[in-house]
Amino acid sequence: MLKNILIRNIDFLEVIFIALSVVSAFLSFYYFFYKKSAGAFIKLMKIKKTIRRAKDEKKKEG
Amino acid sequence: MIKKGELIGRYRVEERIGTGGMSRVYKVKDMRVGTFLAMKEIIIKNDSFMNAGYAEAFVLKNVNHPVLPRIVDIIRTEDSYCVVMDYIEGCNLEEYVKIHGGFNEGEVIKTGAVILESLVFLHSKNILYRDLKPSNIMITKNGEIKLIDFGISSSRDEEKNENKMASKCFAPPEQLAGKEVGETGDIYALGATLKYILKNEPSPGMICFLNKCLKAEPGERYKSANAALKALKRIKTFNENEVKRLKRIVSKNIFFLIMFLVSVSGIFLCTKVKYKKAEYERIVKAACESHDSAVRRENLLWLIKKDPSAEWYIRLFDEYKNDYVFDEAEAKEAESLLDGDLRKLKEEDYKNICAALGRLYLFYYEDLSEENENYRRAAFWFDRAYEDESERDVYSEIGHFLSEIQMMILEGKDAGMYEKYYRDLNEILEDVSDKESVVRCEVYSLFADSVYAYGADFYREGIGIDEMKERLES
């Protein structure tokens with residue numbers, strides 16, 4: 001039933017997916033280049049690493 | 001001992017502002033220029049103090065850095081040396097901490113960076129500070145940081161033995177133990193100083209930095225002031241909001257990336273489905289409209305395999321009828337296909353196909369055995385099509401009559417069957433005019449054969465001779 005509905009509206013579905021891909025690609029690029037998400041990710045990793053190191057240091061001191 | 005108001009050289013003593021282990025510090029006024037300066041009186045009691053005083057004077061004389069006070073003059077008195085230098089107004093970090101409680105981490109990083117820059121400068125000149133502590137770091141009214149009191153600073157080339165003078169809380173362990181001190185000793189003292197002036201709980205980055213500075217083993221500390229400076233500048237003071245903001249950016253990017261991948265997959269799937277749909281339509285067209293029977297048949301078999309339905313089966317049965325013969329090979333093919341699709345087909349479709357197959361056996365099956373195999377098989381498929389006897393159509397009734405009559409005759413149970421059979425034959429005779437000629441021929445032949453075989457039985461069960469004659473003639 002659902003399969004038949006989807007197959008009947010396949011052109012409409014394709015248009016929706018194309019629109020979604022364009023929008024999501026734009027937003028991905030926006031966040032990657034303008035908001036510098038890669039940098040943010042590296043910063044987050046560094047923060048996590050620093051926190052982990054600090055915890056280890058505290059444990060050693062303890 | 002210098003007294004207030006005393007003139008030493010061209011400098012008049014205003015007040016005493018500090019006392020050290022081997023020195024006194026006075027605020028003096030340059031009578032020629034009118035500016036205030038600081039004068040450190042180094043009392044010559046023994047060689048050690050003498051050397052320390054000289055050291056300070058000569059060290060400072062050779063260096064010029066914004067963080068370090070400028071030596072203006074060196075005066076020799078009867079029992080002391082006086083070193084005249086810039087007067088720095090403000091308070092030292094020890095006093096500052098006592099008054100204000102300390103600095104926040106950002107300010108500590110800035111202060112530490114200024115001190116480390118001056119240490120980098122001093123170390124590049126082969127000078128070790130050796131007595132870095134909060135009371136030796138001044139903060140001016142403008143907020144500038146200045147290092148004072150080079151009482152025990154020394155050139156690394158010189159052999160000196162002033163380690164006992166180092167401040168215990170801030171001096172590195174090796175200095176307290178009287179061992180040789182290197183650049184890492186100053187880094188230890190800096191770590192201790194920064195830890196002292198820090199007001200709040202240090203961040204993880206600061207903890208790591210301070211721990212590395214304060215390692216008991218000199219080899220485990222930062223190798224140089226420059227390395228420590230770089231590490232200090234790398235410390236990022238972050239708060240929860242910053243972390244949340246970073247997480248939000250990263251998670252949004254990941255979300256949109258996943259959305260993009262899903263969309264691309266969706267487009268790919270849509271293209272694939274459209275291709276399959278076009279292919280299916282092409283095959284349907286070939287199965288329905290091709291001029292070649294073999295092509296039609298081949299495509300119908302493909303359609304039955306992919307999408308079994310009554311439509312494709314009945315079209316296939318029509319293909320079997322093309323040569324007016326439903327042979328054994330075709331019968332096997334049809335039955336095996338139908339057995340395979342038993343569960344895939346809808347109940348209604350299955351019944352329609354069984355009824356069509358029954359009619360195919362009834363009228364087209366090539367019965368080589370001459371044992372009424374066609375009627376038996378037709379009755380078998382009609383039974384599948386109509387599970388309840390009341391649902392049977394006229395073809396089904398005829399099929400059943402023809403398959404059962406011989407047995408009934410032998411068993412003597414045939415009485416009462418003939419009238420209904422005759423009425424059924426009449427019904428299909430009236431209905432057959434729009435059927436294909438071979439079916440019409442079969443039905444006429446069946447009627448004639450039936451009158452020939454069972455005419456007397458029809459008559460016994462009330463069918464008039466005239467009625468049968470008239471029907472035969474028509």
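The model discussed here is predicted.

Q: Why are strands S1 and S5 of chain B called edge strands?
A: The open sheet of chain B has six strands in the order S1-S2-S3-S4-S6-S5, with antiparallel pairing. S1 (7–8) and S5 (71–76) each have a single partner strand, so one side of each lacks a neighbour in the sheet.

Q: How do you know that S2 and S3 of chain B are paired?
A: Pairing requires at least two bridges, and seven bridges join S2 (residues 11–19) to S3 (residues 23–30) in chain B. The two strands therefore count as paired, and they run antiparallel. Val13(B) stands opposite Val28(B) in S3(B).

Q: What makes residues of chain A and chain B part of the contact, and how many does each chain give?
A: The cut-off is 7 Å between C-beta atoms placed from the backbone. The contact takes 26 residues from chain A and 25 from chain B. On the side of chain A that touches chain B, H2 and helix H3 (37–61) are the elements giving two or more residues. H2(A) supplies the largest share, 13 residues.

Q: How do the residues on that side of chain A divide by type?
A: They comprise 16 nonpolar, five polar and five charged residues.

Methods:
Residues numbered from 1 in each chain as written. Chains lettered and ligands numbered in written order. Predicted model: local features only at pLDDT ≥ 70, side-chain atom pairs only at ≥ 80, totals over all residues. Helix = DSSP H or I, 4+ residues; strand = E, 2+ residues; numbered from the N terminus. Contact = placed C-beta atoms within 7 Å. Nonpolar A, V, L, I, M, F, W, Y, C, P; charged D, E, K, R; others polar.
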